[in-house]
Structures are given as structure tokens and as C-alpha cells.
Amino acid sequence: MGSKEALVVCSDKKLSTGITIWDMDTGDDLYHIPTCASPPHALTCLRNQYLVASQIHRQGSFGSGAIFIWPLNKPQAPLRNYPIEAIGPVSCTKDGVYLAGGTLSGNAYIWEVINGRLLKNWCAHLKSVTCLVFSDDGTLLISGSEDGTIIVWPMISLLDETDCGSFPSMLSFSAKHTSSVTRLLSTSSSSSSVFLSSSLDGTCKVWDLVTGTLLGTRAFSHPITAIVLDPLEKILFSGSEDGRIFVNALDIGGVEDPFDVSENQPIVLNGHKGSITVLTFSASGLISASEDCTACLWDVVNCVIIRRFNHLKGSITNLVVIPHLSLLPVMNHRQRASNQFRVSSLDKLPRPTNSSKGMVTLLPSCSSLKVQHFTSEFRSTDSMNQQILELENGWTQGAIQMKVEKSIEGRVWASRMTKHLIKMNKHLQSRLLDLVQCQLLPLDSCPPPTGKGKKLKVESLPLQEEEQTPSPAS
């Protein structure tokens, strides 16, 4: 029973499609969670206790979106979070302490899950963030973009609250992909410091995580849309846009090209009719998902499909594997209190630091990477006022200069706050227009019925008054 696993999938087509959970051994439906439509790389699992999925309610919208968090072991409505802009890909550390998200505008956000605190938001890329991954030890955050760039962000700079006005330091790369980055993989081997990337330019690359140099490249005839390493990190599986999965030996420990391994002929797994969207490994074997609305469990030794899962509600954009025990309710209250990981609502904006002492905190600007070298000098307001009073008696040059600096800091702070309030106002207006528009639409233009003669009225709205709970599949 302890070794049983469940397969969790979702699509990006309609909110009413929701999340489907299958039994890995039998293929039976275990649960269906309504109201979920997530773009690629937008579904993750926190400590095998919570499912986290970002939602983009209007395709291409910067402001209309949400992040839903569902507890796995009890059927209840999700914790709904509405960031200041729509989040696409999400990733969490192995211990579930930190959650990161990327946006269509190129911005990145990082939260502390237990209290919902927004620790940092910054402009990570000039174009959309397509994928995010934490290093295995949680010390680095790696981001990939639509423009082919890959950046490594040290967590020590992301968590530095005293440096909230400047951009975090990053590791530059000597080369990049020529098209959108589709997947990032961090290795778990303590003897190697490398990670892998794939792209629509038809290549997979191996990078040195310390120096940022390119170690090796493998080119394919079709765009690569997903990659995964086997548990021993010796074999690379690369899913392509035409539905094939290429199998290549990989020597990560080698100093020279890790792809430079002699092979008689390339191995190809054929079983999908659409582009591969997700590849992952479980205790049962390799699992692939595709735009052809199916997921497959593979016997990679014999290159055959063990079991096929048909997702009749649309193409599969996200797939995660969880222990079957995660779905069972915790009966013992003492055990629940000791084992349950607590999550909180995610903040829209960073919280002020040392607000009780009068510290002025400015929100970082995310308009362009050109302002990376901008640094703001934050001073205690109380301390500054005291210095002005001490110098004011003589009306010295220092007192006059101090007053000028205080006035400038006040104007900068007001300007930054005004910009953020304007952004929040636009976000709220967009949400309100969505709500009004949907309420004014005639019944025949509403989403299709999900039951016999019943039309969906509230489920697809960005803001829901009636919470829905996961229910066992019939």
C-alpha cells in the first residue's frame, strides 16, 4: 500500500476541466478536482500534501490569474490567491518552504509558503518566463525564458530583506538557446554541479552550474518540448514536438562532452500522436503526457507501453506523481498536527520591513533589466528626523542637505507607491470587467453544461462566491 502511486494531470483548455487523479496500478479514477486550467509547468506538489496550480483566466492577460492550493488529504475548497499579475510556471523547493512563479511579462516572484510572505519580485527576463526549477539543495533558482536565455539566481540574494530595492545577483551564461526554453533539469548528484535545458530550437544542453559554461549540446531533428533523466541520471529522455521520445546515454560525471558516448543507433519510443508535453519518472517507470490527450506508463527496457491513460477532457499540459497515501485522510488528530504542513494566503506585495520603527521600504521596480545596478539607500525616518533636529538650531549646511535628501526620498517613495497603486487599480478593473461581462452574457453563450440539463454559471468566473470541493469520481 505504501508503494502505490497516483497520477495527477490537468489541461489548460477550460477552468471546468479541472484536475484528474488516476490510480497508477489500475488506471481507475480516484478524484476529480473542479475549476483548474493551468499553462505548462504550472502544477506542482508541496511536500506530497498540497497541490499548487497557477491559473491564467484569459489567454495572454497580464493581470487576470490566480494560484490555487488544494490539500490532498481532505476534500475542501482550495486556498485562492490572486497575485498582482498572472503567474505561469511555478516551482517549489523540496522541503516546500519556498514557492517561485514566473509571468508573461518576464517578472519573477518568490513566496515563503508557511506565512505567505512575498520575499522578492523582480524582472528576471525581457520576455515571458517559460520554466523555473530550484536546485536539488534549494540554494539556487534557475529560470528559462521565451527568448532562450537561462539565468541562475542565488537564493541568498533573493532572501536578503535588507537589499529589497536592488536586483538579486545572477550567474551569466556564455551561450543560450536560439528559441524558447521548454524544460530545466537540476541533477541531484553531489559529485556534479550541472543542470540540463531543452528548447524549441531542437537542442538539449548541459551546463556547469558553478561557472555557467556550456559542457555539451545534443541536436535533434525536431523541437524538444520535454526532458527527464532516469533515477540514476545516466539516461536522458527527450520528448519532441512530433510525439517521439529519444533515448540517449549521458555521462554527467565526465569532464568532456557528456553526450560524447558511443551508441550503435539512437533509441526512439513511439506511442503518442501529438507533441510531448511532460516527461517524468515514478517508481513504476517512465511516464509521458501529450497533446493527444493521453498519458503513458512505459517499460523503457523493452520500449513498450505498460498502461495508457485517456484524458477525454483535453490535452495534458501538467503531470505530477504523488504517493497514494497522500490522498488518505489523517484520522489521528495528534498525527495530523505533527505531520501537516501549514500554508497561508500569498501576499500580493512585499510587506514593509521594521514598520514599527519607522523604516521606509520601497518596492523594487521590475520595468527593465537595465536598472539592475540601481541601489537605493534606505534610512530610518526616526533617525533622520532626530539628526535634522540636532542640526537645525544652527541651520548648518548639513541640516539643509539632510532636509533636501529627506524630501527627495519622500518623493521617490510616493512615486513608487503611486505606480504600484495604479497597477493594482488596473488589475482590479480588469477583474471587475471580467465579472460584469460574464454576468451580462446570455445563457446560451455561457460555458457548456457539465450535467444533465444544467449550465455552469459560477464555476468559470475568476472570482467565485461558492467554493467547490474535490469529489470522488463515479
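Q: How many aromatic pairs does a search of the whole structure find?
A: In this predicted model, the search of the whole structure turns up seven aromatic pairs.

Q: Why is the pair of Phe68 and Trp70 called edge-to-face?
A: The ring centres of Phe68 and Trp70 lie 5.8 Å apart and their planes stand at 85°. Rings pair if their centres lie within 6.5 Å, and planes over 60 degrees apart count as edge-to-face, so Phe68 and Trp70 meet both conditions and form an edge-to-face pair.

Q: What makes Phe68 and Trp70 count as buried or exposed?
A: Phe68 has a relative accessibility of 1%, and Trp70 has a relative accessible area of 1%. Because buried means under 20% relative accessible area, Phe68 counts as buried, and Trp70 is buried as well.

Q: How do you know that the charged end of Arg80 sits over the ring of Phe68?
A: The charged end of Arg80 is 4.7 Å from the centre of the Phe68 ring, where the cut-off asks for CZ of Arg within 6 Å of the ring centre and within 35 degrees of the ring normal; the charged end of Arg80 is listed as sitting over that ring.

Q: What makes β20 and β21 a pair of strands?
A: Strand β20 (residues 235–240) and strand β21 (residues 244–249) share five bridges in the antiparallel sense, and since two strands pair if there are at least two bridges between them, β20 and β21 therefore qualify. Ile235, for instance, has Ala249 in β21 as its bridge partner.

Q: Why do β19 and β22 stand at the edges of the sheet?
A: The open sheet has four strands in the order β19-β20-β21-β22, paired antiparallel. β19 (224–229) and β22 (267–270) each have a single partner strand, so one side of each is left without a neighbour in the sheet.

Technical notes:
Residues are numbered from 1 along each chain as its sequence is written. This is a predicted model: local features need pLDDT of at least 70, side-chain atom pairs count only at pLDDT 80 or more; totals for chains, interfaces and linings use all residues. Side-chain values use heavy atoms; hydrogens and water are left out. Helices (H or I, at least four residues) and strands (E, at least two) are DSSP runs, numbered from the N terminus. Rings of Phe, Tyr and Trp (its six-membered ring) pair if their centres lie within 6.5 Å; planes under 30 degrees apart count as stacked, over 60 as edge-to-face and the rest as tilted. Buried means under 20% relative accessible area, exposed over 50%, partly exposed in between (1.4 Å probe, protein chains only).
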